[in-house]
Structures are given as C-alpha cells and as structure tokens.
Amino acid sequence: MHVIGTAGHVDHGKSTLVRALTGIDPDRLAEEKEREMTIDLGFAWFTLGDEEIGIVDVPGHRDFIENMLAGVGGIDLALLVIAADEGIMPQTREHLAILDLLGVESGIIALTKTDLIEDPEWIDLITLDVAEALSGSTLADAPIVPVSARTGEGLSDLRDSLTELLANTDQRLDVGQARLPIDRVFTVAGFGTIVTGTLLDGSFHIGDSVEIAPDGLAARIRGLQTHKTKREVAVPGSRVAINLTGVDRDALRRGQVVTTPGSLRPTLLVDVAYRHLVDAGKPLKHNAEVKLFIGSAEVSGRARVLGQESIEPGHSGWVQLSLSAPVTVTRGDRFILRRPSPGATIGGGTVLDSNPRRRHRRFRPEILAHFEALQAGTPEEIIMRTLHQSGPIQVAQLLERSGLSTGEGIAILEQLSNDGEIKQLDRYVVAIIAWRIYADRATAMVTEYHQTFPLRTGISREELRNRLQLSPSVFGPLITNLIDEQRLAESGAVLKLPDHRITFSAEQQQRIDRLMSMLREAGVNSSNPKVCKEIVSEPVYAVLVEKGDLIQISPDVVYATDEYQRILTALKDYLVSHGEITAAQTRDLLGTSRKYAIALLEHLDELKITRRVGDARVLLPAKSA
C-alpha cells in the first residue's frame, strides 16, 4: 500500500484532477468549495491494478504552505500539479524545495488544463521550463505527463506512469515501532473519537493499548479503517483512521503521534543534519528563531548552529534544535525549517539524535565527530557512538536514538556483546570501556574513602552508588562483578577493599587500653558513653562499638563486651530459675543502682528475652531454631 501526495497551485486544477482519478472530492470544507481552493489537507483513494493507493491532497496556495507540510511527511510519491496555461509559480518552486528536503525521490509532474492550450508548441515550451525547474532536485527525472481532468485526455497515461513508478517503490518496512502522526481529529456519532494519519512503521491491531505522544495520554484502539474499509490490522504505509477510547477528543490535536506505549520519549532538543536552501536569502545564524515541521507537528524553537558561526545559503551544517514544546521523533526522520516572519521555507534535513541528553557546546571537536559518525557510520558505529555519548542506557532508548528497528538492533547488540564491545545488563547496555571506567572509579572511590575515614569499615552501597551516579540496575551488577573479581568485599552493609583492616595509632591504642581498664574496674556501674568518647575520641568509640568491643545498651549505659556477657548470663540464669525478675531484684542481684537495673531490663525486652508484665519482666519461651 502506498500514499501519494498531490501539490500544486490553487488554479492548477489539483482537486479537479484528484476527483477525476478517484471519484472523490478531497475538499472537505465549505470554505474550500466556496473559494475553489484547498485550505487544509484532503484525502482520497483509488485502485491501481491490485493495489489501493491513498492520496493526501495538500494545499497549494502559499498562505497555507504550513498546512501542506503537515501532510507530506508520510508520502511515497509526489504528484506535482502544474497548469499548462500558467507554468511554474513561486510556490511551485517552494513545493519542489520541500519535496527535495524531505527526500521524496519518486514523483510525477501532471501538466494539467491542456484542453485550454491551442498551440502544441506551448506545451513543449512549458515542459522544457518545468524540466529546467526540476533539474538538481530529487524529482529531476520525474516524468511530465500532459493531462486534462475536464476532458479525460492523458488520464490513462497518468495512471500508467503512476503504476510503473509505484511498482518500483518499496513497501514500507515494519520495523516494530508503530507510530502514526495525527493529521486530523474528529468525532463520529455512535463511535466517538477518530484520528487519521499515515502509519509510518509498525502495525496496530484492534484492542491494542496505545500512547498519544508527546503528551503521554493512554488510549485503546476500538476500531481501524483504511479507505473506509474496516481492518483488524493496520500496516505500514497505509492511511489509517483509528477509533480511540479512553481519551478525550479535546485532548487530541494535529501533530501528536499514536504509538506503542513507552516506545517514544518526548524531547525539547533534537540534533539534526541541516541543509540551508540556496534561496533562503540570509544565513542561518546561531540561535535564530525557526518553525520546525516534522511528521504532522509544527513547533517553534531556536536553531543552535554547531561548529560554525552560521550556515550560508546553499550550505549544510550541524544544528541542535531547542524547541518550545516537546516532540517525539526518531533518528532518520526528515524535517523542514521555516522562518516565522515573514513566513518562508529556509531549509531542512535529517534527525541524527532524537533525544540528546543535553545542550551541546558549540565548538567541541568530539561533538562534531559524534555528528559525523551518526550521519555516515554503520549501525554498529552508530550504536557505539551513542553509547559513548549517553553512558548506560536502556535498550529501547538506545535503539530509538540509533534509529534502528528492534530486530536489527537486538542482533547487533548480541554481536557487539559477543565481541566484548558492550556489557548487557538486563534492560541496560553500557560500552565495555565505560564499564571498566566505572569499575576503576568504584575501586578508587572506596580506596579514597578508606584514606579519608581510616576508622570506618567501609562505605555504604547507596553512598557509593550516588557518587558514581549510576542507576540501581547498573550499579548492582557492577558491584557484584567487582566482588567476584575480589576487587571489593562486603562487610555487613558496607563495601570495602578486601585487605582493608582498621588499625589504631600507638596513642589511640593507649587511650583504648585506658578505657577498657576503667570499664573492667567499674563493672556493672560503667562510665557514661559521653565520658568514654572523651577518653578515646568519638570516631574511635564508634569503631569499638562496630567491632563489638563495646556494647551500648542505652544512651547512658555502655559495657565492655566481656562484662556485658557476664551480666547477661547472670540475668538469664536468674530468669531460668525464677521465671521473672523485677528492677529491685536486678539491682540486688548485680549490686548496682536502679538506673542500671532499668536500662538492663529494657535491653532484655529489646532482645525479646523478656516481656514486661506489671512491674516484673517475664522470661519468654526460647525460639526454636
């Protein structure tokens, strides 16, 4: 299935020719019929041989050129209509420039209104004039077919030419990323909301859940039609009407894209290869205000010229488009730029990166090299270049930015993984060079942490992940790999170097010995933790607690480990013999004050050894192993 775009001047008989070919009047609006002028997109279809051909009839008048741009993005063949009695018009040249920028290489020139020409030599002169205008464009070799929609003369030749050209035009491939730019929204009584457009790739089925991008609206496909015929499946390259449920009519507009949920990400930045038209008149200056036309979307923004001060007419360059509203596009999409005021087409080109993560510095050599690789590189080179620019990235996002189909992209990723060029981590991919850098940085950060905090066992996993700025999906496998390689080790909840041991200086050890001696002498009536910290310093005290040399049972009570075990054994023995114990009994048993007795009993509760019942603590049954 193919889609033809018809363009031409208001007086060239374009809509009349469409009616003659299809029997359908593409002018839908009352104003169009009254003024005999195509104002908005019109649609028709007919059959050539065994194939149904869709037609998008776009406005020809220069006042409606921006409506025209909403309809030509998905066409396979251009039918350019030129009146024999008028010849090439200024807007005809603009139409040619637009088709050239969009890369429409297949087309036919319909030289209409031949019934108004009495001198045959005039037809020859107009034909030469048109051929000269086509020279140097993608339609340079397009056949020029004289035709009269009124008399029918030449219609058979036109159909034959269309049949021949379409037979040599490839069907659109299904690359597994369904997307349909919306060019019309309306409602039908009893059915609800309908959107139409040309399905660029992928396929839709009745019942599919879809997303309306870039707004992120969820909807479901209730029905599908192509040329007013119900379909179970919509295929790439076809004109499709989709009956949507679950979304308000008022939330939909031309320029949105119906797509598979989560497959396209909205962006305010787009990196492009740009060609400035010879007829643009002025250079494209950095930060110039522009209008972007891509798919069926129209968005204002600014053109950030990279690698040079400006782009002269007739020249090309790299541009990062900074947009006022988000769009959803893919690598390889064609676009048009227009000057907002006075309105004029100034150039266009191809999307290189559909979702760059940041604004580029204008004259960085590595950025320019990245653009060159994206434009001319192999799929493998494009993937690797994208990975080097992006860092760890989800597979779906990598394929989107690389402009590859799911099938082709997955196969290339598998080969790159087998070749040791990338590391695949479930949904994420990272270049092996970056993976090694992350590993080295992680090890260096742990080493630095030990040097900065020699009295700490190690760094927490979350702190190290934050320092590396990695997602959990990448950080987890990275640390597991480093532990397997014995470059890192786990100690409880922290990470450390395998050979890291906490050591104390001679002075610190002297203070520790003094503290331990003091605690042994104090027995159950130990010193306050605050006093202990003053003796050895707070960092050393923390290490002693972490190592288990000290047991702090409350904010005010701490014991050396051997004394703590002696006290705990005495209390357990008493409980086993008597079944319960009070604060007074604890005080008398241990020869201490009520302060220590209460702290110890509350500690037994925390350990689930006892439970408070009134003024006593009752021994709980021992848990089975």
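In this predicted model, helix α14 (residues 506-522) and helix α15 (residues 529-536) have axes that come within 8 Å and cross at roughly 150°. Helices here are DSSP runs of H or I with at least four residues, strands are runs of E with at least two, and both are numbered from the N terminus. Axes are lines fitted to C-alpha atoms, for helices over the stretch in contact; angles run from 0 to 180 degrees between N-to-C directions. The pair α14 and α15 is therefore roughly antiparallel (angles over 145 degrees; under 35 counts as roughly parallel, 65 to 115 as roughly perpendicular, the rest as oblique). On α14, the contact (heavy atoms within 4.5 Å) is made by R511, I512, R514, L515, M518 and L519. C532, E534, I535 and V536 contribute from α15. By class, this contact has seven nonpolar, no polar and three charged residues. Nonpolar covers Ala, Val, Leu, Ile, Met, Phe, Trp, Tyr, Cys and Pro; charged covers Asp, Glu, Lys and Arg; the others, Gly among them, are polar.

Residues are numbered from 1 along each chain as its sequence is written. Local features need pLDDT of at least 70, side-chain atom pairs count only at pLDDT 80 or more, and totals for chains, interfaces and linings use all residues, while side-chain values use heavy atoms, with hydrogens and water left out.

Pairing requires at least two DSSP bridges between two strands. Four bridges join β26 to β27 (residues 428-431) in the antiparallel sense. Within this pair, I422 stands opposite A431, and K423 faces V430. Two residues separate β26 from β27 in a hairpin. In its turn, D426 has a positive phi of about 55°.

G403 lies in the loop between α9 (395-402) and α10 (406-418). Its relative accessibility is 37%, so G403 counts as partly exposed (between buried, under 20% relative accessible area, and exposed, over 50%; 1.4 Å probe, protein chains only). G403 and K228 are 175 residues apart in sequence. Their C-alpha atoms are 32 Å apart in space.
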